[in-house]
Amino acid sequence: MTIREKDVPNISEVVKALSERDQEISDLKAKLLKWESTYERANKRKAVFNSGSGTEISPLYTDLDRAEADPELLGLPGNYPYTRGPYATMYRSKLWTMRQFAGFATAEDTNARYKYLLDHGQTGLSVAFDFPTLMGFDSDHSRSLGEVGVCGVAVSSTLDMEELFEGIPLDKVSVSMTINGPAIILFCFYIAAAEKQGVDTRVLRGTIQNDILKEYQAQHAWIFPPNPALRCIVDMFDWCSENTPKYNPISISGYHIREAGATAVEELAFTLANGFEYVEKGLKRGLDIDSFAPQLSFFFDVHNDFFEEIAKLRAARRIWARRMRKVYGAKNPASWRLRTHCQTAGVSLTAQQAENNIVRVAYQAMAAALGGTQSLHTNSMDETLALPTEKAARIALRTQQILAYESGIPNTIDPLAGSFYVETLTDNIEREAEILFDEIETLGGVVPGIESGWFQQKIAHSAMRQQKKIESGERTVVGVNQFTEGSESIEIDTLKIDKEVEKRQIAKIVALKKSRDESKVSECLSALHQACRTDENLVPKILECARSYCTLFEIRDVMQEVFGSYKEPVFF
Amino acid sequence: MSEDRRVRVLVAKPGLDGHDRGAKVIASAFRDAGFEVIYTGLHQTPEMIVSAAVQEDVDVVAMSVLSGAHMTLFPRVKELLEQAGAENVLVTGGGIIPKDDVKELEDMGIGRLFGPGTSTKESIAYVKEWFAICAVSK
């Protein structure tokens, strides 16, 4: 190969450029020294300024903080390592989905709320189930007493699922379902309901949370022990890659981990560690990584520390991309790309002066948009008191619309890129997450970490540390430990769930059991029982049960007979 | 009554809700304050809670209820404690409990209930005060 003379940089030009750069750096250093001495002499509001996670923040970030930075780590949007966004065009092509979590009382009541939200401009649905449903109990079970329809919608069968989406075309509206322990069962109810609407499963868009690892760590809505639970999840990865290619069979979540008390760094590290675990389980099953990884999705919290949350999302994309490509050998860029839903931090809201929550949520939503989220739920102001009223839910939705259409923030992609502060924060949070990954590996991995209570203890300790900071005043919570004038009485309208809901649900189940084909029901449950003892994919058998109107508990009970139930290691 | 005896508290999570951040913070704070704390863990029925309370011979049952099922769970626990001859046990707790319901529960003999934003110092002070006045000598 010949090297043409003009391709070779002129050595003296290079030396000149380097020496100019050296001079710039040394000038900046001198200016900084002067600035530092001014800073030292001035009064400061606090001795130390910490981020939400307790990391010390410098008063000023400059070019010098970026001197060692590798531009490859920043890249471009839609390109490895996706720091600047998973898609090349981001909000210029398509805004994040405005996906407000909703659900209460019966399927019929929630159906009306979904129609209200869609009429008001919501662009995707998100289902909140009640506690009996979340834990796999029918509304008429003795354990469900007092809890039916109170924290979410009661769904005990495919019939309820059909009513939930009555008049809502499932081929046109994407649906996210927050359910974990019995996720595979509710998923089959959803598929059966879609079939009833005449929708081809291949066009279904949506997500099912189905992230059991974080349940053991944080949210605690489990049924089965880890191994059978993970088996069901991988069954869904496999079935969905063939039958519902546009659907996310999992939403690997940090939200709940954060809400339970974890710091931003812990949230990031534990979520991604769980993600790696799911990938490894899929690979162990013999699945081709590029066949299921593109459908893995994520869910992060957006908390108060504005810049830390933005950095967290950017670091998450970079870490995931690198692992998927370099460690797991994924070849399809869709496998490297981390897509996420975000929710504003419920735990940051106050019961005192609840209207202030509108402001908290607005700032948090802004962080989510600047962090490049694909989908967003904004909390309602009254959620420290009850499920949202229609008015509060509307304001929460309008918060997103004002952000999207009035603030100008979506006009350009990843606008904070290059910020000395944001890029340094992104690098730092990534580094701190890597330290936690190493710790988890030393434990033997995520499942041993859960069994030994390591995650749970870390989360509980962080929660306690937060509480102490609030009680000492080190951390301000407006309306609670500072600026409390106006906190004396909590006077806003809240949603009340009619006590008749439980009775209506129970009556529905009685009627359902009378009208269905009982011999088909026994047949399906029996076939499922058999299948649980083998390695076969459980989705088809559970789908048969769903189609025959077996109830949630009937299906779960059969599975539990084979799989057993989870007993948590208790400590605090 | 021996002044050296430590307050025995059962911290309990009744019902199906697994959100235990508050229960764990309270359990931890109570332990740091010098109480003897037993934490039941999750998904407890009222029967399981009362059985543990009696077995552990506690002075206080502190329940965390965020799920809206408080009007079922608190009265049931109180009722079962009375049936077990443990009517002197203080039933207290916290979570998301509307003001009107707090009043109704108080009228049923439930102790103070602590909502969002409460400082652990407040709940500790309440239990200590109650113990000094009402606790049965053991």
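## Strand pairing in chain B

Two strands are said to pair if DSSP finds at least two bridges between them. Helices (H or I, at least four residues) and strands (E, at least two) are DSSP runs, numbered from the N terminus. In E4(B), the bridge partner of B:Ala62 is B:Thr92. The structure discussed here is a predicted model, in which local features need pLDDT of at least 70 and side-chain atom pairs count only at pLDDT 80 or more, while totals for chains, interfaces and linings use all residues. Residues are numbered from 1 along each chain as its sequence is written, and chains are lettered from A and ligands numbered from 1 in the order in which they are written.

E3(B) and E4(B) pair in the parallel sense over 6 bridges. Both belong to an open sheet of 5 strands with parallel pairing, in the order E2-E1-E3-E4-E5 (chain B). Strand E2 (36-39) and strand E5 (113-114) of chain B stand at the edges with a single partner strand each, so one side of each has no neighbour in the sheet. Strand E1 (residues 8-12) of chain B is joined to E2(B) in the parallel sense over 4 bridges; in E2(B), B:Glu36 is the bridge partner of B:Arg8.

## A buried strand and a helix beside it

A residue is buried if 20 or more other C-beta atoms lie within 10 Å of its own, exposed if 12 or fewer, and partly exposed in between, with C-beta atoms placed from the backbone. In E4(B), 6 of the 6 residues are buried, so this strand is largely enclosed by the rest of the structure. B:Leu90, B:Thr92 and B:Gly94 point one way from E4(B), and B:Val91, B:Gly93 and B:Gly95 point the other way.

Helix H3 (residues 70-83) of chain B has 14 residues and reaches 20 Å from its first C-alpha to its last, close to the 20 Å expected at 1.5 Å a residue (the expected span is 1.5 Å times one less than the number of residues). Its buried residues are B:His70, B:Leu73, B:Phe74, B:Val77, B:Lys78 and B:Leu81. Seen down the axis of H3(B), they fall within an arc of 125°, so they line one face of the helix; the arc is that of the directions from the helix axis to the C-beta atoms. These residues pack against elements of chain B including strand E4 (90-95) and helix H4 (99-107), where contact requires C-beta atoms, placed from the backbone, within 7 Å.

## Chain A and its interface with chain B

Chain A contains 22 helices and 10 strands. Of its 572 residues, 50% count as buried.

In the interface, 30 residues of chain A are in contact with 26 residues of chain B. H18(A) gives the most to the side of chain A that touches chain B, with 5 residues.

## Backbone features of chain A

Most residues other than glycine have a negative phi, and most peptide bonds are trans. The peptide bond from A:Tyr80 to A:Pro81, however, is cis, with omega near 0°. A:Pro81 lies in the loop between helix H1 (11-41) and helix H2 (90-93) of chain A.

A:Ala105 is not a glycine, yet has a positive phi of about 55°. This residue is buried, with 25 other C-beta atoms within 10 Å. A:Asn210, also not a glycine, has a positive phi of about 50° and is buried, with 29 other C-beta atoms within 10 Å.

Definitions and conventions: Contact = placed C-beta atoms within 7 Å.
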